[in-house]
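Colleague: Before I rely on any of the labels attached to this model, I would like to go through them with you and ask what stands behind each one.

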Amino acid sequence: MPAPDAPESRDREPSERDALPVSHTGPASGRPLRSAAFRWFLGGQSISTVGSAMSPVALAFGVLEVTDSAAWLSAVITAALVPMVGALLLGGGIADRYRRDTVLCLTSLGAGLTQVGVALLLLTHQHPAFLLPLSALNGIFQGLTKPALRGIIANLTAGRGIQSASSLLASVRNATQIIGPTAAGLLTASVGGGWAIAVDAVSFLLAAACFARMSLPDLPPPRSESGSTMLGELREGWDYFSSQPWIWTVTLAFAVFNGFNMGVWQILGPVIAKGTIGAAGWGVVLSARGVGALLASAVMVKLTVRRPMGPALASMSLAAVPLILLGAGASTFWLAAAAFVAGVVAGFFTVVWETVHNTHIPERLLSRVGAHDEFWSFVSIPIGQLSTPFLAAAFGTTAVAVTGGGVAAVAMLVPLLVPLLRKIEINR
């Protein structure tokens with residue numbers, strides 16, 4: 001049955017039936033590739049993710065080439081991440097209020113222009129301090145983009161097509177993770193990271209052109225119990241999010257996981273790799289993760305698990321194993337093997353979580369609720385990234401990486417204590 005437009009009052013203890021998420025109806029088409037709008041969206045996302053898959057490796061080693069400093073690398077990455085997280089909630093309100101294809105077109109255009117500036121600075125070997133304002137602008141555009149991406153699938157397909165669309169998009173995204181990091185590593189080692197960032201800039205601009213061709217219908221006037229203002233709509237999104245334990249318990253678990261995982265993997269990873277397996281080896285490890293994620297997302301195009309949240313969360317604990325091996329100084333082979341497994345479980349969880357969201361949250365609230373999910377699960381990342389270099393200096397990289405991996409693994413198991421999560425179903 002359709003989900004209610006607003007959550008039940010929390011002045012009383014909700015019954016189990018009240019707490020369970022319910023499905024909503026969406027567009028009639030259950031086969032996303034038959035929709036021209038979805039094909040343009042898929043094309044735009046495919047092009048964009050090719051460049052984005054190259055960007056982390058190129059940026060990391062580009063900064064290290066100039067400064068040889070984990071602290072500067074942390075500062076540049078955090079300069080983009082903090083504004084991105086800060087813009088998420090506003091992005092949720094915008095994406096639920098205005099056409100999501102228009103939002104994606106404008107934000108992709110802005111992100112492309114900022115990456116042009118980043119590429120020029122890297123190619124001319126400027127000090128990373130000049131990257132900070134451009135990174136911040138790029139982060140803002142990314143923060144405005146993510147909620148629109150979370151909500152637009154329900155505008156393009158419905159029913160069984162939601163999981164098919166999520167799996168197709170994940171497959172494309174994961175396929176680029178196979179060749180992107182390796183290509184970036186080789187390109188960085190040969191001519192420098194600026195050229196890989198230039199590819200990312202062009203990909204954003206081409207994606208903006210694709211999104212401009214989608215032409216989704218105009219949205220109906222906003223209707224919110226809190227009023228039609230942006231502030232009222234943002235408050236309504238928070239009310240729904242905070243009243244649904246099946247959402248916020250997973251979000252909090254990922255806040256812990258992301259804080260440790262991203263701090264160790266993105267900051268200590270390139271630093272450790274620079275003195276061990278090198279940029280090319282690190283690219284291979286990241287590509288192995290992409291292979292695993294691609295395999296999982298491809299399988300999920302056809303496979304449906306009736307009650308998927310239990311196995312999805314339990315398997316996610318394996319995604320922390322690469323952190324432990326990284327701290328232990330494992331070889332490229334073992335790191336790549338662990339990264340492959342991490343990619344499989346992460347790919348499985350991503351498709352499940354996106355499908356559950358698009359199936360059990362009212363369409364008009366999807367971007368706002370998705371924004372809260374991402375905001376609260378991402379807010380710990382800057383803390384982890386900023387603190388990791390100092391913790392590593394105090395306790396050593398091995399202790400920080402191994403401990404962080406252990407805590408991240410446990411965090412993924414805690415939400416399984418909530419019975420409601422194990423009852424969430426995906427229609428076959």
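Modeller: Helices (H or I, at least four residues) and strands (E, at least two) are DSSP runs, numbered from the N terminus. The model is predicted, so local features need pLDDT of at least 70 and side-chain atom pairs 80 or more, while totals for chains, interfaces and linings use all residues. Residues are numbered from 1 along each chain as its sequence is written, and side-chain values use heavy atoms, without hydrogens and water.

Colleague: Which residues make the nonpolar surface patch, and which helix gives the most to it?

Modeller: Val291, Leu295, Val299, Leu303, Leu318, Val321, Phe340 and Val341 make a patch of about 580 Å². Helix 10 and helix 13 (332-360) each give two or more residues, and helix 10 gives the most, with three. Patch residues have over 30% relative accessible area and no salt bridge, with nonpolar side chains (Val, Leu, Ile, Met, Phe, Trp, Tyr) joined within 5 Å and like charges within 9 Å. Areas come from the Shrake-Rupley method with a 1.4 Å probe, and a salt bridge is a Lys or Arg side-chain nitrogen within 4 Å of an Asp or Glu carboxyl oxygen.

Colleague: Why is leucine 303 called partly exposed?

Modeller: Buried means under 20% relative accessible area and exposed over 50%, with partly exposed in between (1.4 Å probe, protein chains only). Leucine 303 has 42%, so the residue is partly exposed; leucine 303 lies in the loop between helix 10 and helix 11 (309-316).

Colleague: What makes tryptophan 238 and phenylalanine 241 an aromatic pair, and what kind of pair is this?

Modeller: Rings of Phe, Tyr and Trp (its six-membered ring) pair if their centres lie within 6.5 Å; planes under 30 degrees apart count as stacked, over 60 as edge-to-face and the rest as tilted. By this rule there are 11 aromatic pairs. Tryptophan 238 and phenylalanine 241 are 5.9 Å apart, centre to centre, with 35° between the planes, a tilted pair. Both lie in helix 8 (residues 230-242), three residues apart; tryptophan 238, at 35% relative accessibility, is partly exposed, whereas phenylalanine 241, at 4%, is buried.

Colleague: Why is the pair of tryptophan 265 and tryptophan 282 called tilted?

Modeller: Their ring centres lie 4.7 Å apart and their planes meet at 45°, so the pair is tilted. This pair links distant parts of the chain, with tryptophan 265 in helix 9 (residues 245-275) and tryptophan 282 in helix 10 (residues 278-299), 17 residues apart. Tryptophan 265 is buried at 12%, and tryptophan 282 is buried at 3%.
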